[in-house]
Amino acid sequence: MTENKVKLSFWQIWNMSFGFLGIQFGFALQGGFMSRIFQTLGADKDAIPLLWIAAPLTGLLVQPIVGYLSDRTWHPKFGRRKPFFFIGAVFSTIALFFAPYSSALWMAAGALWILDASINISMEPFRALVADKLPESQRSYGFVVQTLIIGIGTWVASNLPWLMTEIGIPNTAAEGVVPDSVKYAFGIGAFVLFSSILYTILTTDEYPPENLEEFEREKSLKTGFFSGFSEILKNIAEMPTVMKQLGVVQFFSWFAFFTMWSFATPAITEHIFGATDTTSVEYNNAADSVGNYLGTYGLVSMFYALILAFVASKIKINRRLLHMVSLIAGGFGFILIYFIAEPWMLHICFSLVGIAWASILSMPYAMLSSSVNAKKMGVYMGIFNMFIVIPQIIAALGGVNFLYKLLFGEAVINTMLLAGTLLILAGFSNLLITDRKATHDS
């Protein structure tokens, strides 16, 4: 990409990031309601993390490959990252629409697997696009604008099943059948996912390689599967020190959020509402409410990102300090869920979580993009995803069940204590990062 990058306006950055609205619709519906679907289909609470295992396993493989391929792609009309946006959008839309129609656990787990793998095809190229298009001085601003869009998507998508119930669509169904309110929500999410990514494709141009002849020559020297695989392994071995340090922060952060996505519904419906029968009106009303409370962290992340976008456009920020404080706030939010006396107080808890979520979706990528070779931005964004999926794999293979029972006890609400503890550890892990080019805006 050319080094003569011009500063973009807020709306130009908004357009090129708008596809993240749909991606987050997919993630929010997946994270907020797949566990509800699993429980409806008869899954035991302790088995839920294992049903998520295929998704992060696939991401571990897909993300670096997609990043590597997108770095080596260029078409005068379709660009570099946009073909991957489109491919991911098609398959994730199909998976999102059909997921709530699953009639067996294996079908729901398979839908989750396809959905997550397809979203992964789109997601990291979107991260790389910000670094491709923006000069160094706008990186924090660009990733924060992305986070603003993600916050909007999280809030709206998390509230969709509740909204469907409010307008009269049933939120209960026969045993083993997913309620219509959830089906309608996933259908709307599928439409938003595809249309928002298509909007970005149609409104955003990409920079061509700085030297097209050199780009084609380098690509011709490294062709074939084994050449690509060895190149990815080489990049993993040579990853920058900052990336490894950020990996520690990411490990604790994503272990915490995977714990929330897996266990928030059973933990809160049982501990706060006393509802355990998945066919009862009480349980489904409580599960709708959980979606509403989860929407709060999306709403707050949106406003927090809006504030950060304003600040980052005016002054240079300390990314490390901001990320550390935000993660610690989110950790206390998770822990407070255990102690609250009234359901409405969950809005306070998830407001704190929303502060952490906004930072997780922006600051690590701003720090990373300042520390890697611009020509390898896609593959390094994909490799960086390893630090997201590996903790999820460990958590799904029994890490969550083992740790929360060992440290806090058998009650499922203790998963929120575990999530909070891990997020606070993630916050303090930022102290490992000392490279000023990564920690501060230029």
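Helices (H or I, at least four residues) are DSSP runs, numbered from the N terminus. The model is predicted: local features need pLDDT of at least 70, side-chain atom pairs count only at pLDDT 80 or more, and totals for chains, interfaces and linings use all residues. Residues are numbered from 1 along each chain as its sequence is written, and side-chain values use heavy atoms, with hydrogens and water left out.

**View 1. Leu 202 in helix H8.** Leu 202 has its place in helix H8, residues 180–203. Is Leu 202 buried or exposed? Leu 202 counts as exposed because its relative accessibility is 66%. The cut-offs are these: buried means under 20% relative accessible area, exposed over 50%, and partly exposed in between (1.4 Å probe, protein chains only). Look also for Met 16. Along the sequence, Leu 202 and Met 16 are 186 residues apart. In space, their C-alpha atoms are 9.4 Å apart.

**View 2. Thr 154 and Gln 24, joined by their side chains.** Thr 154 lies in helix H7, residues 139–166. Gln 24 lies in helix H2. A polar contact of 3.0 Å joins the two side chains. Such a contact is a pair of N or O atoms within 3.5 Å; within protein, one must be able to donate a hydrogen and the other to accept it, and residues adjacent in sequence count only if both atoms are side-chain atoms. Thr 154 counts as buried because its relative accessibility is 0%. Gln 24 is buried too, with a relative accessible area of 4%.

**View 3. The surroundings of Thr 154 and Gln 24.** Contact here means heavy atoms within 4.5 Å. Neighbours within four places in sequence are left aside for Thr 154. Thr 154 then touches Gln 24, Ala 28, Leu 294, Gly 295, Tyr 297, Gly 298 and Trp 357. With its neighbours within four places likewise left aside, Gln 24 is in contact with Ile 150, Gly 153, Thr 154 and Trp 357. Gln 24 can also be placed against Ile 119, which is 95 residues away along the chain. The C-alpha atoms of Gln 24 and Ile 119 are separated by 9.2 Å.

View 4. How many aromatic pairs does the structure hold? There are 24. Rings of Phe, Tyr and Trp (its six-membered ring) pair if their centres lie within 6.5 Å; planes under 30 degrees apart count as stacked, over 60 as edge-to-face and the rest as tilted. The ring centres of Phe 257 and Trp 357 are 4.9 Å apart and the planes are at 35 degrees, so this pair is tilted. Phe 257 lies in helix H11 (residues 241–271) and Trp 357 in helix H14 (residues 346–360), so the pair ties together parts that are 100 residues apart in sequence. Both residues are buried. Ring pairs also link Trp 254, Phe 257, Trp 261, Tyr 297, Phe 334, Phe 350 and Trp 357 into a cluster.

**View 5. Phe 384 and Phe 387, another ring pair.** The centres of these rings are 6.1 Å apart and the planes are at 70 degrees, so the pair is edge-to-face. Phe 384 counts as buried, at 0% relative accessibility. Phe 387 is buried with a relative accessible area of 17%.

**View 6. Asp 288 and Arg 36, a salt bridge.** A search of the whole structure finds one salt bridge. The term means a side-chain nitrogen of Lys or Arg within 4 Å of a carboxyl oxygen of Asp or Glu. Which side chains meet in the salt bridge, 2.8 Å from N to O? They belong to Asp 288 and Arg 36. Asp 288 lies in helix H12 (residues 281–314) and Arg 36 in helix H2 (residues 19–40), so the pair ties together parts that are 252 residues apart in sequence. Asp 288 counts as buried, at 3% relative accessibility. Arg 36 is buried, with a relative accessible area of 2%.

**View 7. Val 144 in helix H7.** Val 144 lies in helix H7. Val 144 counts as buried because its relative accessibility is 1%. Val 144 and Ala 309 are 165 residues apart in sequence, yet 5.6 Å apart in space, C-alpha to C-alpha. Neighbours within four places in sequence aside, the contacts of Val 144 are Ala 305, Leu 308, Ala 309, Ser 362 and Met 363.

Methods: Helix = DSSP H or I, 4+ residues; strand = E, 2+ residues; numbered from the N terminus.
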